[in-house]
Amino acid sequence: MQTNATPPVHSSLVTVGDSFTEGMSDRLPDGSYRGWADLLAGRMAARTPGFRYANLAVRGKLIGQIVAEQVDVAAAMEADVITLVGGLNDALRPKCDMGRVRGLLEESVERLAPACKQLVLMRSPGRRGPVLERFRPRMEELFACVDELAVRHGALVVDLYGAPSLGDPRMWDVDRLHLTAEGHRRVAEAVWQTLGYEAEDAEWRTPMPATPPPGWTARQVAHARFARQYLLPWIGRRLTGRSSGDGLPAKRPELLPYEGPVA
């Protein structure tokens, strides 16, 4: 974590990525998603008059799509801070060319690092359970690439993967793929501190207090709901080559003054 005696001054933020950066599943009353990037922008805007923010992330995007659709757009905005999180959707697919993923991630960093004052990369969080264990080698290969690129290009790395709190299944929505509002709040805090701002929650890594595990019946109901509402549709999209983000625009496609919740 970076710390400064004098709080940094950032006048603009652009975020690049997939559903994690779009803000799923931190749903607002109107049905839209907020998420860590909006929360971070709100905090930064509260400190800097005229602060501008763009969020180019779209759910379901693979790293090749992020490169093709978002990277050059983000670079052209010349923001003070750019965040890039991508590649995990590729790594979680049954078949994945990790060499290609690493190459595209490197291409992204090479384009974005010179286009901003500070590039921020992340080691994405992982929900404890069988999915994490199955794909852990790929994830850790991806994160090793992130670490190496950060050293070469002067980027900051936010280590969410190593935070015990974010592995807790209670931090994840019922789809088991996206963080809850509390999870997103902790991610915003992590990025905030990594950028050098004074901590507002020094304990964001600390796990929530233990609670009794759900009983057998409750677990079976949850598994059935998950399979019906999320797993089967996900398999269907994979078999037909579709994505949850097909046809969706970027969340905030222009770098404009930010007006929204501050938290």
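**Figure 1. The largest cavity of the predicted model.** About 70 Å³ of space lies in this cavity, and the structure holds 1 cavity of 30 Å³ or more. Its lining consists of L84, V85, G86, L105, L121, M122, S124, L142, F143 and V146. Two elements, β4 and α6, each give two or more residues to this lining. The largest share, 3 residues, comes from α6.

**Figure 2. The largest nonpolar core.** In soluble globular proteins, nonpolar side chains tend to be buried together. The largest such core in this model has 40 residues, of which V14, L84 and L119 touch the most other members. At least two residues each are supplied by β1 (12–16), α3 (63–77), β3 (81–84), α4 (88–91), α5 (98–112), β4 (118–123) and α6 (130–153). The element that gives the most is α6, with 9 residues. A second, separate core has 31 residues, including F20, W36, L39 and A188.

**Figure 3. The surroundings of L84.** Apart from neighbours within four places in sequence, L84 is in contact with V16, I66, L105, S108, V109, L112, L119, V120, L121 and M122. L84 also belongs to the lining of the largest cavity.

**Figure 4. The buried residue D18.** D18 is found in the loop between β1 and α1 (19–22). Although buried, D18 has no salt bridge. The nearest side chain of opposite charge, that of R59, is 10.0 Å away. When residues up to four places away in sequence are not counted, D18 touches A57, V58, R59, G60, K61, I66, V85, G86 and N89.

Definitions and conventions:
Residues are numbered from 1 along each chain as its sequence is written. This is a predicted model: local features need pLDDT of at least 70, side-chain atom pairs count only at pLDDT 80 or more; totals for chains, interfaces and linings use all residues. Side-chain values use heavy atoms; hydrogens and water are left out. A nonpolar core is a set of buried Ala, Val, Leu, Ile, Met, Phe, Trp, Tyr and Cys residues joined through side-chain atoms within 4.5 Å. Buried means under 20% relative accessible area, exposed over 50%, partly exposed in between (1.4 Å probe, protein chains only). Helices (H or I, at least four residues) and strands (E, at least two) are DSSP runs, numbered from the N terminus. Contact means heavy atoms within 4.5 Å. Lys and Arg count as positive and Asp and Glu as negative; His and the chain ends are not counted. A salt bridge is a side-chain nitrogen of Lys or Arg within 4 Å of a carboxyl oxygen of Asp or Glu. On a 1 Å grid over the protein atoms alone, a cavity is a set of points where a 1.4 Å probe fits but cannot get out, and a pocket is an open set with protein on both sides within 12 Å along at least five of seven lines; lining residues have an atom within 4 Å of a point. Grid points are joined across faces, edges and corners, and a volume is the space filled by probe spheres set on the points.
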